[in-house]
Amino acid sequence: MRLSNLPFNTFKEAPTDAEVVSHQLMLRAGLIRRLASGLYTWLPMGLRALQKVQAIIREEMNRAGALELLMPVVQPAELWEISGRWDQFGPELLRLKDRHDRLFCLGPTHEEVITDIARTELKSYRQLPVNYYQIQTKFRDEIRPRFGVMRAREFTMKDAYSFHLDEDSLQEGYLSMRAAYAQIFTRLQLNFRIVQADPGAIGGNRSEEFHVLADSGEDAIAYCEADGFAANVETVALTSPAGPRSAPTEACELVTTPDVRSIEELSAFFGVASSRCLKMLLVAGSEVPAVGLLLRGDDELNRLKAEALPEVSRPLRMLGAEQVRAATGCEPGFAGPMGVDLPLIADRDALALSDFICGANRKDHHFRGVNWERDAPLPHTADLRNARTGDPSPSGGGALSIARGIEVGHIFQLGSKYSDAMDATVLDKDGKSCAMQMGCYGIGVTRVVAAAIEQNHDERGIIWPDAIAPFDVVLIPINLDKSYRVKEAADRLYDDLRAAGLEVLLDDRAQRPGFKFADADLLGIPHRVVIAEKAWDQGQVEYKRRTEPEPQLITVAQLMQRLA
């Protein structure tokens, strides 16, 4: 493509509302443009990268035996009411009416529609297993769209759904999709992890996510290099600390702590690590107004684990200031386990503390030198916290590390959740009707593009993995408008490279060389070739790979060999 034929605008600075690198660079490099909150137009340069991601996904899905179809974006409410998700899905489901006052929604996912297809098209066990997939638009009315296409309201997704006669077949199909996904992200040249996950609103049994590792990732991932374990931090089951609790060495003392409410302030006030402090979080109980959850000061409450406690209401709800006062008799920030009349549940690591600091249930006061049993009664215990760096791996092979990840894929074993609800059955070998077992497999296609940029960039711009770069090579002729020989050389090399099967971008704009170099780096084309009259007369061009610091002069024959 000749760049002079493409309306193409780049920017030195990103809009102030672009929070993450991928959003900034996609806007600056002219890949996307914002239409409204969470809605983006993919411009030609960005669409080329998006289509390359789609092509790799399609090739691997076809290779795995999946069958491509295309389902409507607009879905009738009746299907969602049958599955029970019309009310469960919440405000992210955009509902609308047609001219006849019939209710519809814009599909955020397609379990209901594909199950309706299956119950119509699949009649016998002989037709199973089967896997249908599509690459199509989804819409989720996010309360706060952000990070550009990373968390947009409208996005492109590859979703697949498999149908099986029994759980053994489902497991086999699930593992087949797991392997296909690993191959997809390997071909996309992304550094990723497969992690255990919570099924969430989709439902089902086994669930795993594919995360691209990046510092800007929204999810924290716990992984162990030694044994291959990986999971979202909220799904890691943690063991009790090894060894007995240390014996008390300090006397319990009430200390005045004016305006010291947070763990950070408490740690600084006493000059101790936050791990020596105890925090008490007040949440709504299932049978009583308040339950106190006790954690070490440096730990984070795991919401999923807390919601699983029978004493805690679902969904988990933190108490407001008035409710805290009613439960503890004091201001928020000073609650502790001593002298309160409410159920207390302590994390195992919190129960291992000795000589700790905690709230005194009295404004501007804390206790120092507190010990369980001597000063505070032993509460019930549970696994309440998120995993942290250094925790032992649940697989037993070493210590956990924590990294940030961007979820780009999610696979589920749904079982018969939707087939039971929607009466999707087939006849088995004995002629008996049985509900089909389902699997569900999704990839956020537009998110993959952003994740690739988050993982591959520098201060100058994008560094595309070769597999999804909009073009393989950018040709930059110097003084094209002044030198006939440079123009002739550029045209000849452009044709030769294209004939060799390469996708070539010829920057034939009437701009300064420095401007073109900056745009080439911003756009992230893997290979840059500069044609200058003096070098060309000696049979050479200037070649630079995007990842290399300096260019080099090579012959045209060497260039062709290197690019091949």
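Visitor: How many aromatic pairs does the rule give here?
Guide: In this predicted model, the count by that rule comes to 10 aromatic pairs.

Visitor: What makes the pair of Trp80 and Phe89 edge-to-face?
Guide: The ring centres of Trp80 and Phe89 are 5.5 Å apart, with 85 degrees between the planes; since a pair needs centres within 6.5 Å and planes over 60 degrees apart count as edge-to-face, the pair of Trp80 and Phe89 is therefore edge-to-face.

Visitor: How do you know whether Trp80 and Phe89 are buried or exposed?
Guide: Buried means under 20% relative accessible area, and Trp80 has 0% while Phe89 has 15%, so Trp80 and Phe89 both count as buried.

Visitor: Why is the pair of Tyr174 and Tyr441 called tilted?
Guide: The planes of Tyr174 and Tyr441 stand at 50 degrees, and because stacked needs under 30 degrees and edge-to-face over 60, the pair is tilted, with its ring centres 6.5 Å apart. This pair links distant parts of the chain, for Tyr174 belongs to helix H6 and Tyr441 to strand E23, 267 residues apart.

Visitor: What makes Tyr441 count as buried?
Guide: Its relative accessibility is 0%, and the cut-off for buried is under 20%, so Tyr441 counts as buried.

Visitor: How do you know that the charge of Arg48 sits over a ring?
Guide: The charged end of Arg48 is 3.9 Å from the centre of the Phe471 ring, and the rule asks for a distance within 6 Å, together with a position within 35 degrees of the ring normal, so Arg48 is counted as sitting over Phe471.

Terms used. Residues are numbered from 1 along each chain as its sequence is written. This is a predicted model: local features need pLDDT of at least 70, side-chain atom pairs count only at pLDDT 80 or more; totals for chains, interfaces and linings use all residues. Side-chain values use heavy atoms; hydrogens and water are left out. Rings of Phe, Tyr and Trp (its six-membered ring) pair if their centres lie within 6.5 Å; planes under 30 degrees apart count as stacked, over 60 as edge-to-face and the rest as tilted. Buried means under 20% relative accessible area, exposed over 50%, partly exposed in between (1.4 Å probe, protein chains only). Helices (H or I, at least four residues) and strands (E, at least two) are DSSP runs, numbered from the N terminus.
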